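Biologist: I am new to this structure and would like to learn how to read it. Please show it to me, and then we can go through it feature by feature.

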Amino acid sequence: MKLLKNCLFAGLTALSLLGAANVTTAQETDQVGRAPYLEALKGKKVIFVPISQGMDLNQSWVVVWQRHAARYGFSLEVRDPNGDTNAGIRAMQGAIAEKPDLIIVQNPDVQTYARLLKQAQAAGIKVLQVNMQSATQTDSYVGNDWIEMGRLEMGELAKHCTGPNAVSHKVVWLAGVQTGAANIYMRTGIDEVLKANPELQLVSDQPADYMSEKARQITETVLQQHPDLCGIMGIWDNAEVGAGAAVAAAGKQDQVTIVTNGAGSATGCESIKNGLLDVIFNFNSPIQAEIAAQQISELLQHPERQAGSEKTIFFGPITRVDKTNAAGRNCWKLDELK
Amino acid sequence: MELAGPGKSDGARMGIKMSQELVVVAISVILFIAFSATLNNFLSQGNIIAILKNVSILGTLAVGMGFIVVGRGIDLTMVAVMVVGVAFSIWISTWGVDFTLAVVCGALLAAAIGLFTGIMVAVAEIPPIFATLAIASSVYGSGRIVFASDVLYAPSNIAWLKFVGSGTVLGIPMVVIIFAAVAALMGFFLKKTRFGRLVYATGDNPNAARTTGLPTRPIIVTQYVISALIAFTAGIIMLGLVTGIDTRLYNSSLIYDVLLVVVLGGIGLSGGQGGVRNVIVGTILVGILTNGMTILNFSYTSQNLIKSVILLGALAIDAIINPRDEQTSQSGDI
């Protein structure tokens, strides 16, 4: 009986001490500024209008943003037009009508949403553009420095295709969609390198429309015309595997260098290991997403700033990935990001 | 053709009258000579093989589409069935199912979709253009929900798939052989078997065919199952060539290119006429044109413009040479 009493007493004491300790820790160690931060983000509404959620980069962005949204209590809705520009315009109009706190947009080209973005800003909605810019500059852009990307890729080809040991000076630019921001700006970077290396000869400049089979057909035809082709540069690793397949079918893997860029997903690394691609300039989309998430929280924390009053730009990292480093963090899998 | 009375193609065949098929052949020959004379390496063996290889997917799809159009139908589900069928195979192979078995499952799925389409057209009697448009969209949409990514890659160690993509027999790429085999089988089927003749009869005048006692419904259903399987075959060709399948192809203009080849070759949308030869003629014209324009480094937009102007030209020439008479205008287009 005594034992039981003692135990009960000890238990009660322990409980009350624990409770007191809890209260004091909560009071003493509340991280400075955390409460107002949570307050600012809680219940805010963010709408994302992508080009298509079927692409690896988009999936990684949304996984990262959803993690932030769940943790800090804002809502993220994805309105996927699935590559259809008209559906995209409707999605943008719908988003503006709903007056969210923030619209995130990935532009299919520089013109389509240009006026809609102005409308959104005029309606007081902040706009964050990701990776693909519009002609209209808004509160923030997070994504690639596409001019630098063009310079890096053509620069890589210049390394292989100039000088006395080069097979030839012939290079190919497999574009994406000619009106897309990535395409337009990469072309500027490419032209800079071509100007600096006048012996480089651009023998074909055709858009493969981000399709691997189209890239394969163009490459196969060009290889017939220029059997001594030295290099090919493209705009998305998932499309340039087609160019790689055409080069492999011609047995010219050692001769032709294939350079492209990509989000850094494991499929790109597989393509390097299979010998379909030589170099991917990896823009690591999960890191892009973290930078964008930082922008989301900044824009949501300052409702007093007028939409469009500040215009900021953040360029993400670009890593050169080839056979030697196609592993680990350079090759993410979606499940690992969750 | 006895069932349909004196056929219009008979008239064209007898006289010196130039059919649309001949117009297209003439344009192809002119282009071929012009490109050979002006472009280096156009006439090389490698480039001719490249032309054939590059049209193998388009041509295979067009054989299936031509088969449907002969029976006075249209199958807009082909590209959707192609990408979703093959993506489905890859998807189940990621669960550990043997890839070859997975391909068989994909073919079965394609056949099931074709069966459903056929029933919608033949039994529910929904006009094929609307039925297939709606089904294409739902097939692609379902795929889009099930598969996480647009681009799915086949396992890299499948020997037969590698052979399909890069193997050759007597110097001819496997993909060209597959296209030729599909076309030859279809040609034989249409011209030499009783079933093939029934397809012509159904296409020429469905009501007359049914009144005469032909099993028009089973014929139509079978047609759509076969075209779905041909679409799946085209998908396997693509998988062999580029190691992956991009389901976004559904959003591209591929299905219209397929129709272009069929109509360009001279298979009338009113059904009951034309055959595999027309499809091949149309395919080769598009192949020569695309190849030449790629060599000339024309931009994508101008390529599309030139392609459509040539199509329009071929149709216009045909309209002048073969004006519509009372019979043809009564039979109606889709």
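Modeller: Begin with the domains, whose bounds come from an automatic or database domain assignment. Chain A is divided into domain 1 (35-144 + 285-317) and domain 2 (146-282). Their C-alpha centres lie 31 Å apart. The contact between them takes 12 residues from domain 1 of chain A and 11 residues from domain 2 of chain A, where two residues are in contact if their C-beta atoms, placed from the backbone, lie within 7 Å. On the side of domain 1 of chain A that touches domain 2, helix α3 (residues 56-72) of chain A gives the most, with three residues.

Biologist: What should I know about the numbering and the model?

Modeller: This is a predicted model: local features need pLDDT of at least 70 and side-chain atom pairs count only at pLDDT 80 or more, while totals for chains, interfaces and linings use all residues. Residues are numbered from 1 along each chain as its sequence is written, and chains are lettered from A and ligands numbered from 1 in the order in which they are written.

Biologist: How many helices and strands does chain A have?

Modeller: Helices (H or I, at least four residues) and strands (E, at least two) are DSSP runs, numbered from the N terminus. Chain A has 12 helices and 12 strands. Its radius of gyration is 25 Å, well over the 20 Å that the globule rule gives for 338 residues, so chain A is more spread out than a compact globule. That radius is taken over C-alpha atoms, and the rule is 2.2 Å times the number of residues to the power 0.38. Along the principal axes, the C-alpha atoms of chain A fill a box of roughly 95 × 55 × 30 Å.

Biologist: How is the packing of two helices described?

Modeller: Two packed helices are described by the angle between their axes and the distance between the axes. Axes are lines fitted to C-alpha atoms, for helices over the stretch in contact, and angles run from 0 to 180 degrees between N-to-C directions. In chain B, helix α4 (residues 56-70) and α12(B) pack at an angle of about 180°, with their axes 9 Å apart. That makes α4(B) roughly antiparallel to α12(B); angles under 35 degrees count as roughly parallel, over 145 as roughly antiparallel, 65 to 115 as roughly perpendicular and the rest as oblique.

Biologist: Which residues of the largest nonpolar core touch the most other members?

Modeller: A nonpolar core is a set of buried Ala, Val, Leu, Ile, Met, Phe, Trp, Tyr and Cys residues joined through C-beta atoms within 7 Å. Among the 196 residues of the largest one, A:I103, B:V81, B:V83, B:A231, B:V258 and B:V262 touch the most other members. Helix α12 (residues 216-242) of chain B supplies the largest share of this core, 16 residues.

Biologist: What is there to say about phi?

Modeller: Most residues other than glycine have a negative phi, and most peptide bonds are trans. Phi of A:N284 is near 35°, a positive value. A:N284 lies in the loop between β10 (279-282) and α11 (285-301) of chain A.

Biologist: Is A:N284 buried or exposed?

Modeller: A:N284 is buried, with 22 other C-beta atoms within 10 Å. A residue is buried if 20 or more other C-beta atoms lie within 10 Å of its own, exposed if 12 or fewer, and partly exposed in between. B:R72, with phi near 60°, is buried with 24 such atoms within 10 Å.
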